[in-house]
Amino acid sequence: MRARVLRGMSQEAAAEALGVTPTTWARWERGEQGVRACYRPQIAAVFGVEAVEVERWIAGWSYGETSSWPIAGCGDGSPAATVRSAALLWRLEMDPSRRHLLASLPFVPGALGEWLVSWNYGTPVASAAQQGAGRAVGLADVARIVEAQKAFGQIDQRFGAGLVRPVVVKYLNESVTPLLRGRYDDRVGSELMTAAAGMTWLAGWTAFDLNRHGQAQQHFGQALRLAKNADDPLTGAWVLATLTRQAIHLEQGAWAVWLARAAVDTARRAEASPHVMALMLVREAWATALQAKSAEPPDRHTAKQVGQLVAEAERAYARGASDRDPEWVGRYEEAELNAQVGRCWSMLGEHRRAVGPAEAAVAEFGERIPRTAQFNQIHVAEAYLGMGELEQALDSARAAIPMTKALTSARTVELARQFAGRLEPYEDSVMVREFRDHLNSELAA
């Protein structure tokens, strides 16, 4: 209460900023009701303090001082609650005094369990219709969000997230929020929630590309809630597949498998098109390969599962495109499928099977999708290094440096530096010293 009064806020204003009722806020202040973990970072953001300070205000607190919890995991799952939490998240993104809190949040694996339960077992909403205070919303408004996402996505693919992310979150806050708070029927509401989920996914994806993993997780969780409210299983599967990719990147093997299986199960229940199934299956193969790689001793049974999933994904993709394909799967080209299959083989130590798909992806994407080309150029280098062909590995990695410099993508820089770290067994080599010096000087320029 003292913090609220010092800032000149009423209980009603504080409750509105948190997306809770004034009654709930009053109970918090009187100590009659515990403050759920998911609201604590929001309180810190509203009052402009560090998360640990909020914990000092809450009597009986029992969590570690460095913990943080995601915004997207709270609320009752209703359309109104989802709109409130989405609007709050996007507003915090635009507030310079609070933005840093989101950017510094850690990835919280434990939140994923609650999201999976909510996604799989939560009761579907009866209707996505809203009678908000804003203007009437139609399908033309929804179409503009979809077109904006396509345009922003193309910029992200070509130049990296650093260039486009500020525009994405501004668009969510200034253009999407007023529409969600407007008036619309069930059909428009479902389409609007799906479009908002897609744009929120992009906000998460661009945060992921900048290595802001907790911030990315916030947006992915919010996108999943929006997809649930839209009763759109394919968009939900897409978000789950992206969370799988993030978990793989962070080497969260068990969570990656659970997320991937949820994505596959969702797609199957929705009778998804072959290309959608191929994407989901190859993500499960990739997650399973990570588990096999991490096992001591190597898990042959799990490696066999990877081969089965890869074969199923390839068969599904070979069935061709469908008029049931969602827009986002159209960007998933055969070369990308093959490159991800190559990553599976590389994780299992079969580097010769990984080189060809990665080189083909570099040739296919080249200047068209430079970030994907850069990733695969480094993967080519890693495969050659795995085969013990040092000179060819260094030549391949050197070819990726100009692409790395041209992109505003923290992941591309991280990948290049991780490759340099793998050269430690050869650090006495003149070639390796020259490569590292060249890499450091180019990235510092």
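Reader: Let's start with the largest pocket: which helix gives the most to its lining?

Author: That is H9, which contributes 6 residues to the lining of the largest pocket. Please keep in mind as we go that this is a predicted model.

Reader: Happy to. How much space lies in that largest pocket?

Author: About 820 Å³ lies in the largest pocket. Its lining holds 36 residues, and the closest to the pocket centre are Gln157, Trp205, Arg283, Glu336 and Thr372. To place the lining on the fold, look for the elements that give two or more residues: helix H9 (139-159), helix H11 (186-209), helix H13 (233-249), helix H15 (274-294), helix H17 (334-347) and helix H19 (370-386).

Reader: And how do the lining residues of the largest pocket divide into nonpolar, polar and charged?

Author: There are 14 nonpolar, 10 polar and 12 charged residues in that lining.

Reader: Let's turn to the second largest pocket. What is its volume, and which residues lie nearest its centre?

Author: The second largest pocket has a volume of about 570 Å³. Of the 21 residues that line this pocket, Lys293, Arg343, Glu382, Gln418 and Arg422 lie nearest the centre. Two or more lining residues come from each of H13, H15, H17, H19 and helix H21 (410-421). H19 provides the largest share here, with 5 residues. Sorted by class, the lining of the second largest pocket has 7 nonpolar, 6 polar and 8 charged residues.

Reader: What about enclosed spaces? How many cavities of 30 Å³ or more does the structure hold?

Author: The structure holds 3 cavities of 30 Å³ or more, and the largest cavity has a volume of about 50 Å³. Its lining is made up of Glu16, Ala17, Gly19, Arg84, Ala87, Leu88, Arg91 and Arg181. Helix H2 (11-18) and helix H6 (79-94) are the elements that give two or more residues to this lining, and H6 gives the most, with 4 residues. By class, the lining of the largest cavity has 3 nonpolar, 1 polar and 4 charged residues.

Reader: How should I read the length of H11?

Author: Compare the end-to-end reach with the expected span. H11 has 24 residues and reaches 34 Å from its first C-alpha to its last, close to the 34 Å expected at 1.5 Å a residue. H11 is mostly covered, with 20 of its 24 residues buried. At the start of H11, a side-chain oxygen of aspartate 185 comes to within 3.3 Å of the backbone nitrogen of arginine 187.

Reader: Which residue with a positive phi follows H11?

Author: Asparagine 211 follows H11, with a phi near 65°. This phi is positive although asparagine 211 is not a glycine. Asparagine 211 lies in the loop between H11 and helix H12 (213-229), and because its relative accessibility is 25%, this residue counts as partly exposed.

Reader: Glutamate 271 has a positive phi too. Where does glutamate 271 lie, and is this residue buried or exposed?

Author: Phi of glutamate 271 is near 50°, again a positive value in a residue other than glycine. Glutamate 271 sits in the loop between helix H14 (253-269) and H15. Its relative accessibility is 62%, so glutamate 271 counts as exposed.

Conventions
Residues numbered from 1 in each chain as written. Predicted model: local features only at pLDDT ≥ 70, side-chain atom pairs only at ≥ 80, totals over all residues. Heavy atoms only, no water. 1 Å grid on protein atoms, 1.4 Å probe; cavity = no way out; pocket = protein on both sides within 12 Å on 5 of 7 lines; lining within 4 Å. Points joined across faces, edges and corners; volume = space filled by probe spheres on them. Nonpolar A, V, L, I, M, F, W, Y, C, P; charged D, E, K, R; others polar. Expected span 1.5 Å × (residues − 1). Buried < 20%, exposed > 50% of the residue type's maximum accessible area, 1.4 Å probe, protein only. Polar contact = N/O pair within 3.5 Å; in protein donor to acceptor, adjacent residues only side chain to side chain.
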